[in-house]
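Here are my notes on this model, as numbered points. Please read them with the structure open.

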Amino acid sequence: MSATNPFVHVDNVAKRWNGQLGVENISLSIPRGSFVALLGPSGCGKSTTLRLLSGLELPDEGTIAIDGRDVTNAAPSDRNLSMVFQSYALFPHLNVAENVVFGLKVRRVAAAERREKLHRALEITGLLGYEDRKPGELSGGQRQRVALARAIVANQPLCLMDEPLSNLDAKLRASVRKDIKKLQTDLGITVVYVTHDQTEAMSMADMVVLMKDGHIQQAGPPEELYYRPANTFVAEFVGAPPMALIDGAALPGVGGAARVGLRAENVTVAEPGQGRLSCTVADCEFLGSETFIGLSHPAASGLTVSLPGLRHIPAGEKMEIAFSDKDLHFFDAAGQRLADPAGQPAFTDG
Amino acid sequence: MADHVSNERRRQAIYGWILLSPAAILLATFAFYPSLATLWSSLFSRGTRRRPSEFVGGENYSDLFADPVFWKVVTNNLIYAGATIPISIAIALGMALWANSKLPARGFIRTAYFTPTVLPMIAAANLWLFFYTPGLGVLDQIGGLFGLPSVNWLGQPETALWAVIIVTIWKEAGFFMIFYLAALQTIPEDLKEAADIEGASRWTYTRRIVLPLLMPTTLFIAVNALINSVKLIDHLFILTKGGPNDASKLILYYIWEMAFAFFDAPHAAAMTILVLVVLGVVAAVKFTILDKRTHYQ
């Protein structure tokens with residue numbers, strides 16, 4: 001895991017289509033055995049980055065090295081990696097067993113070894129007994145597991161996953177998320193995982209790479225993105241609800257910051273006359289254990305306060321809020337994070 | 001309650017019959033009745049002024065089996081089917097795989113391949129008549145450049161059937177290619193990518209993934225090609241009229257000759273029934289055996 005010799009090293013890679021921006025200036029160092037999530041809104045270039053890693057696309061600029069070997073222009077099959085596709089890309093006319101061992105057959109692995117690896121892969125993914133089913137006879141979750149089994153059967157050290165859970169319903173997604181994470185830890189493989197769902201990225205990844213418009217906005221552990229967003233885009237993307245941004249001018253005593261960020265959990269309701277901002281209630285969102293009260297204020301966007309249990313406050317009602325200075329995030333006019341002026345960042349406190 | 005249910009059932013049944021009836025009426029009028037009428041008339045002798053038509057049972061059939069021309073025609077048709085079906089399918093598949101890849105002039109190539117299909121068979125036959133004409137024809141002119149002797153492709157028994165076969169393949173391959181192209185476009189791009197990641201060569205991908213997924217199309221095309229090999233005889237009228245010496249005569253052309261040139265309707269009817277039986281057996285094989293082995297998406 002030494003930083004000088006990462007498992008996957010992407011250096012200043014760019015890919016453009018017809019002169020248009022695909023991805024630009026992508027540099028990444030991925031340690032061996034880590035789980036990296038490429039996160040971002042659709043069209044941000046996260047899938048392109050994954051396809052560049054896989055070799056299904058070749059970069060216009062920059063170099064890619066995997067396991068110390070330059071693979072910038074190598075064929076996908078020469079990169080020792082496996083891939084799980086968003087659509088699973090299972091061969092519809094082959095049954096589960098044939099789908100899983102397809103790659104082994106192509107690589108002329110002996111039949112006995114193939115059977116053994118197939119058994120193990122199906123065991124790990126809980127698919128024993130489904131060998132003879134065609135993909136069309138499986139549920140979405142089972143198909144997803146076949147795709148996983150196909151990815152792990154060859155025991156490649158690097159596995160790329162392109163939104164593997166996006167076709168599953170919410171409940172299944174949560175359980176498969178745990179399975180994938182456990183699989184990754186048990187097998188000790190390196191996973192690069194593309195998702196637009198920040199819950200997936202935050203809960204599974206050791207390192208989250210947040211992208212926008214073909215550029216990396218911030219790369220780091222999930223807590224760093226959450227507690228120290230590098231710019232206002234990260235601040236507004238990560239977290240549910242996202243961080244509220246307030247014009248610096250509306251808050252006296254925040255120094256030179258153009259924008260001030262504030263998370264919902266750090267906002268409290270104040271007695272009339274005691275609060276730092278006076279807002280109007282815009283909407284209430286009941287989530288069971290808590291209710292998010294959306295607030296509107298002329299100099300702020302995304303202001304939310306979280307109240308326990310079921311609350312119903314009519315829209316238009318006045319509400320004053322309070323928060324402490326140590327929970328504020330400061331950004332300059334370009335949206336970049338300013339050095340924390342006082343105190344420590346929140347996540348090193350506890 | 002029971003009353004209500006049985007009423008509902010009856011209503012459903014009537015509804016079903018009403019939906020079925022247009023197709024049933026059309027099929028009965030134009031397919032079932034003519035087939036039965038043909039079977040019926042194949043069992044009677046040919047009526048003349050002096051000897052009226054009478055029931056002869058299988059005599060028309062035994063006449064046919066004793067007729068050397070009939071066997072010549074059957075052999076011709078088997079060769080014709082055996083050559084046109086696989087060759088036109090193979091060419092169609094090859095052209096489709098090529099026209100489906102990322103080519104600069106893909107649209108033009110597809111159109112060019114499809115052009116023979118939009119020509120009427122008669123027009124195509126006239127075109128090829130010009131190609132085949134001894135001395136003047138394109139083939140002879142090209143052959144002449146290399147000092148080859150003039151060949152009368154359509155006029156000699158050894159080459160006539162093959163000349164006809166080539167016209168049919170030329171006409172059919174482009175048509176079948178369109179079906180293959182359509183089928184190829186339904187194969188998701190990511191299957192190719194998944195195979196690439198696993199290191200499958202282009203050939204392995206084609207053989208293990210593409211061809212099996214094209215199986216339903218191949219089956220459909222094969223049935224069509226088979227039907228055409230029995231049904232498509234327009235070009236014979238232009239090119240050879242079945243000659244020389246019955247060398248290029250196909251069964252439907254013989255049936256036509258029998259019925260409308262020799263005015264022997266009972267023997268023509270008997271031959272028609274034999275063709276129907278063979279095609280029926282093939283259809284049964286297709287629906288029972290081949291369909292089970294084919295993956296439909």
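1. Start at Val36(A). Beyond its neighbours within four places in sequence, Val36(A) is in contact with Ile30(A), Val191(A), Val192(A), Tyr193(A), Ala205(A), Asp206(A), Met207(A) and Val209(A). Contact here means C-beta atoms, placed from the backbone, within 7 Å.

2. This is a predicted model; local features need pLDDT of at least 70, side-chain atom pairs count only at pLDDT 80 or more, and totals for chains, interfaces and linings use all residues. Residues are numbered from 1 along each chain as its sequence is written, while chains are lettered from A and ligands numbered from 1 in the order in which they are written.

3. Confidence. The complex has an ipTM of 0.81 and a pTM of 0.78 from the predictor. Chain B has a mean pLDDT of 87, with 99% of its residues at 70 or more. pLDDT is the predictor's per-residue confidence, from 0 to 100.

4. The largest nonpolar core holds 145 residues, and Val36(A), Tyr193(A) and Val209(A) touch the most other members. Helix α7 of chain B (residues 157–185) supplies the largest share of this core, 12 residues. A core is a set of buried Ala, Val, Leu, Ile, Met, Phe, Trp, Tyr and Cys residues joined through C-beta atoms within 7 Å. Buried means 20 or more other C-beta atoms within 10 Å of the residue's own. Helices (H or I, at least four residues) and strands (E, at least two) are DSSP runs, numbered from the N terminus.

5. What joins the two chains? In the model, 16 residues of chain A are in contact with 16 residues of chain B. On the chain A side, β6 (81–84) and α2 (96–106) each give two or more residues. α2(A) gives the most, with three.

6. Strands in chain A. β14 (residues 277–286) and β15 (residues 290–296) run antiparallel, joined by six bridges. They form a hairpin with three residues between them, and Gly288(A) in the turn has a positive phi of about 100 degrees. Glu285(A) faces Phe292(A) across the pair. β15(A) is also joined to β17 (residues 304–308), antiparallel, by five bridges. There, Ile293(A) stands opposite Val305(A).

7. Chain B annotation. An unreviewed UniProt entry lists "domain: ABC transmembrane type-1" at residues 74–286. That span is 78% helix and 0% strand, with its end C-alpha atoms 22 Å apart. The UniProt "transmembrane region" annotation, also from an unreviewed entry, includes residues 12–33 and 111–131. Residues 12–33 of chain B are 100% helix, with end C-alpha atoms 28 Å apart. Such annotations may be inferred rather than shown by experiment.

Notes: Buried ≥ 20, exposed ≤ 12 C-beta atoms within 10 Å, placed from the backbone. Contact = placed C-beta atoms within 7 Å. Pairing = 2+ DSSP bridges.
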